[in-house]
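Take a look at the chain below. This report walks through a few of its residues, their surroundings and their ring pairs.

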Amino acid sequence: MTSQSHFTLSFPLKEPADAKALAEHLPTMMPEFFQAADAIGSIHYSRFTVLSEKTLLFLGDFDGEFNQLMSQLAEHAGPVFDSVFQHVDNPPPTPVSDNADAFVEWTEKHLLPPVNLYTAYPGITAKEIRALASAAGLSGAGVLNPFLVILPIKSALAFTEVKLLLRARGRGTTHDLDKVGTPHFAQFVPLEDHQVGFFTVYDGTFDTYIADFTKNIGEVFDLIFKFCINPPPSPCRKHLQEFIDFAAGANRTPIGFYQAYPGLGVQDIHALIADNKAVVAHQ
């Protein structure tokens, strides 16, 4: 059982200039947003990214119910979204903090459901992880990174095939990501214009992650690449550098990478959970 879920919100922009304006202005508002996320306490990770000249994405991994989180964001981070909505086509009424119900309704309509979800540590909340780390005197010393890869699919028919493929491989993908050992959360999310987003948060360096990733889950991407525009050569494991180059080129720049427990790696969190279970069993 898990309390965790994921959201990807799509903000339709008025015109290309708005994408540029948000890319420049939104980073300055991230300290305010991070304070709001800390106050809410149920977000594990989040980040914004400009998908295209017509779309801004906001995505995150969180505990609990989507509507409750959106209501809390309206209360704690209203000014951030007020600034975003200045650039959005058909936004909800602002200020967001005074129109929380309308904000929640708007986000429900602009939510992009993932094809599948992965979490390295289901059944534990962000607050619980922070509490365990604090009790153990553990401050994260690792480096975490977001990975926001956009895969362009050849056609509407191919797009449908990819979604069916990913749904069919749901449990297998979870098993493969567990073997990698460094992803915290991961999702495949269908996007506009027959694109699929692969969004993860992982430990360590990009090249090491991709090498480990290719070894354990490369077969999934080999299947997807049959439907992609200008894919790298397959199989991925035999063309590692080409896959690294492709992934780097397809990766979107994150804006405001929020971490509820900065620097704690997957293995750190697993150790905290195991130690806590041992203490509880001893008692």
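Cys228 sits in the loop between helix α9 (206–225) and helix α10 (240–250). Helices (H or I, at least four residues) and strands (E, at least two) are DSSP runs, numbered from the N terminus. The model is predicted: local features need pLDDT of at least 70, side-chain atom pairs count only at pLDDT 80 or more, and totals for chains, interfaces and linings use all residues. Residues are numbered from 1 along each chain as its sequence is written, and side-chain values use heavy atoms, with hydrogens and water left out.

Is Cys228 buried or exposed? Its relative accessibility is 1%, so Cys228 counts as buried. Buried means under 20% relative accessible area, exposed over 50%, and partly exposed in between (1.4 Å probe, protein chains only). Leaving aside neighbours within four places in sequence, Cys228 is in contact (heavy atoms within 4.5 Å) with Leu151, Pro152, Ile153 and Lys154. The C-alpha atoms of Cys228 and Gln195 are 9.0 Å apart, and 33 residues separate the two along the chain.

Now the rings. The structure holds 35 aromatic pairs. Rings of Phe, Tyr and Trp (its six-membered ring) pair if their centres lie within 6.5 Å; planes under 30 degrees apart count as stacked, over 60 as edge-to-face and the rest as tilted. Here are two pairs.

| Pair | Centre to centre | Angle between planes | Type |
|---|---|---|---|
| Phe7 and Phe62 | 5.7 Å | 50° | tilted |
| Phe11 and Trp106 | 5.2 Å | 40° | tilted |

Phe7 in strand β1 (residues 4–12) and Phe62 in strand β3 (residues 55–63) are 55 residues apart, so their pair links distant parts of the chain. Phe7 counts as buried because its relative accessibility is 0%. Phe62, at 1%, counts as buried too. One aromatic cluster includes Phe7, Phe11, Phe62 and Trp106.

Which residues touch the most other members of the largest nonpolar core? They are Phe11, Leu73, Phe81, Tyr121 and Tyr261, out of 88 residues. A nonpolar core is a set of buried Ala, Val, Leu, Ile, Met, Phe, Trp, Tyr and Cys residues joined through side-chain atoms within 4.5 Å. Helix α9 gives this core its largest share, 9 residues. Apart from it lies another core of 8 residues, among them Leu57, Ile150, Val189 and Leu191.
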